[in-house]
Amino acid sequence: MQQSTNGSKAYLFSIVLVAVLGGLLFGYDTAVISGAEKGLQAFFMGASDFTYTNTWHGFTCASAQIGCIIGSAISGLLATRLGRKRSLILAGMFFFVSALGSMEPEFVFFRHGEPSLTLLVVFNIYRIIGGIGVGLASAICPMYIGEVAPSNVRGMLVSWNQFAIIFGQLVVYFVNFIILGGNDNPIIQLVNGVNQIMNPEAASWTIATGWRYMFGSEAVPAGLFALLICFVPETPRYLVMTGQDAKAMRVLERINGTNAAATILSNIKNTVTEKTERLFAYGFMCIFIGIMLSVFQQAIGINAVLYYAPRIFGDMGMDNPMVQTVIMGVVNISFTLIAVFTVEKWGRKPLLITGSIGMGIGAFLVALTFGNAAFQLVTMIAIMLYSASFMMSWGPICWVLIAEIFPNTIRGKAVAIAVAFQWIFNWLVSSTFVPMFNMHLTEGDDFGHWFTYGLYGTICVIAALFVWRLVPETKGKTLEDMSRLWRK
């Protein structure tokens with residue numbers, strides 16, 4: 001009787017748990033490159049038909065983001081045409097194919113272990129396929145959770161999606177560490193304008209095999225996600241939009257109980273009667289703020305740390321960069337939990353502003369101290385502060401806002417556009433970090449180091465001002481309330 005009257009929290013949390021596996025795969029797929037990129041770089045440096053430059057490597061490390069742009073751009077169309085659930089099943093299939101293809105890009109058509117320009121193109125196609133899965137999951141997982149969760153716990157549950165993303169990154173950092181084991185990562189140095197491998201014998205296993213296992217390991221969680229998502233219900237809001245009111249009512253009763261289900265169903269029906277409202281039906285600022293939240297989440301530069309952590313810690317002179325990367329992952333998890341448990345108490349804006357300030361301080365400290373052996377500990381603490389501040393603010397809260405800030409009748413299209421911009425800037429940051437970080441005005445100077453983090457720090461300050469002046473607070477508002485907010 002308790003379940004039928006007040007709904008089942010266990011049922012709600014079980015379907016959200018399955019949905020956030022998409023977030024875990026998001027984190028896993030995007031961060032797997034951090035451990036694999038040096039072995040991958042050394043492997044393709046062995047090609048005889050082209051020269052694998054830093055620019056090529058920057059593109060290869062960021063190629064998944066091209067898929068993310070595509071996936072997020074089509075997510076609104078797929079979420080509307082196929083539904084939220086079937087779109088997530090499709091994302092799981094993309095993850096699975098990408099994992100196996102990235103592990104063995106030579107499959108059928110190429111000789112194993114012989115790098116070439118054509119093989120590099122095929123490898124990047126597999127990474128782009130995985131990126132399409134990430135793009136779909138990044139837009140639709142928060143949308144799914146936001147549409148099934150009651151308003152009083154929606155912020156917390158959507159924040160769990162970000163926790164899953166960071167947990168996925170921590171898992172893959174640890175998996176990469178285990179796979180690498182006692183083997184060495186290759187040392188690659190620029191000699192007379194050409195990259196050279198300084199320890200090919202010591203790092204031979206990592207160059208030939210290690211990076212393959214790292215990419216292939218994603219097939220396990222990808223297969224699990226694709227299977228489990230088949231057993232969750234479609235969201236009530238999508239069911240109402242497609243004329244399946246009876247099914248929507250059954251889902252709402254199981255989640256919210258019979259007392260609230262009829263009222264929620266009525267509110268949903270009142271806001272989805274116009275199913276094809278134009279994108280700017282609620283004004284330019286609604287879309288602009290959603291887009292800029294996505295832009296700032298990436299432009300502040302966090303993925304330059306998450307994707308290249310071992311390289312950064314290695315350049316700092318750390319003895320075992322993979323260990324430092326795992327420690328950073330643990331710190332990230334801890335601070336993500338702060339956001340999860342405070343987002344409904346403190347609100348969205350205070351967390352975003354506080355995190356922006358913390359990131360700015362961390363980034364400016366890195367810019368001032370990086371490369372100075374006397375300040376190595378300060379640099380590491382600054383990187384941890386920069387990363388931890390993101391995890392308690394822009395990491396989870398941006399997804400919360402994107403999931404709830406748009407009115408029902410334009411949410412699919414608006415979320416797709418906002419998330420597409422997020423991945424465009426993710427790709428820009430990821431692909432430019434290595435060339436920008438290695439810039440030199442004179443031989444041996446650290447111009448690239450301080451310029452890169454100085455730029456990120458400046459953007460953090462601008463982001464704080466943007467949130468303070470323009471972003472509305474959505475704590476405690478229902479998704480239907482957002483329609484009324486923007487109508488004003």
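Student: In this predicted model, how are helix H6 and helix H7 packed, and at what angle?

Tutor: H6 (residues 151-180) and H7 (residues 204-216) pack at about 145 degrees, and their axes lie 10 Å apart. As for handedness, H6 and H7 make a right-handed crossing.

Student: Which residues make the contact between H6 and H7?

Tutor: From H6 come Asn 176, Ile 179 and Leu 180, and they meet Trp 205, Thr 206, Gly 210, Tyr 213 and Met 214 of H7. By class, that contact has five nonpolar residues, three polar and no charged.

Student: Let's move to H15 and H19. Why are they called roughly antiparallel?

Tutor: Helix H15 (residues 348-369) and helix H19 (residues 447-470) pack at an angle of about 165 degrees, with axes 8 Å apart. Angles over 145 degrees count as roughly antiparallel, so H15 and H19 are roughly antiparallel to each other. H15 passes H19 in a left-handed crossing, and the contact residues divide into 16 nonpolar, six polar and one charged.

Student: How do you know whether Arg 84 is buried or exposed?

Tutor: Compare its value with the cut-off. Arg 84 has a relative accessible area of 4%, and buried means under 20%, so Arg 84 is buried. Arg 84 is found in helix H4 (residues 84-103).

Student: What does Arg 84 touch, leaving out residues up to four places away in sequence?

Tutor: Its contacts are Ala 79, Ile 140, Met 143, Tyr 144, Glu 147, Glu 234, Thr 235 and Tyr 238.

Student: And why is Phe 280 described as partly exposed?

Tutor: Its relative accessibility is 39%. Buried is under 20% and exposed is over 50%, with partly exposed in between, so Phe 280 counts as partly exposed. Phe 280 sits in the loop between helix H11 (258-271) and helix H12 (284-299). The C-alpha atoms of Phe 280 and Ile 410 are 8.5 Å apart, although 130 residues separate them along the chain.

Student: What makes Phe 313 stand out in the largest nonpolar core?

Tutor: That core has 150 residues, and Phe 313 is one of those with the most contacts inside it, along with Leu 293, Met 328, Trp 394, Phe 406 and Tyr 453. Helix H2 (residues 9-45) gives the most to this core, 21 residues. Leaving out residues up to four places away in sequence, Phe 313 touches Met 318, Pro 321, Gln 324, Thr 325, Met 328, Met 380, Ile 383 and Met 384.

Methods:
Residues are numbered from 1 along each chain as its sequence is written. This is a predicted model: local features need pLDDT of at least 70, side-chain atom pairs count only at pLDDT 80 or more; totals for chains, interfaces and linings use all residues. Side-chain values use heavy atoms; hydrogens and water are left out. Axes are lines fitted to C-alpha atoms, for helices over the stretch in contact, and angles run from 0 to 180 degrees between N-to-C directions. Helices (H or I, at least four residues) and strands (E, at least two) are DSSP runs, numbered from the N terminus. Angles under 35 degrees count as roughly parallel, over 145 as roughly antiparallel, 65 to 115 as roughly perpendicular and the rest as oblique. A crossing is left-handed if the near helix is turned anticlockwise from the far one by less than a right angle, and right-handed if clockwise. Ala, Val, Leu, Ile, Met, Phe, Trp, Tyr, Cys and Pro count as nonpolar, Asp, Glu, Lys and Arg as charged, and the others, Gly among them, as polar. A nonpolar core is a set of buried Ala, Val, Leu, Ile, Met, Phe, Trp, Tyr and Cys residues joined through side-chain atoms within 4.5 Å. Buried means under 20% relative accessible area, exposed over 50%, partly exposed in between (1.4 Å probe, protein chains only). Contact means heavy atoms within 4.5 Å.
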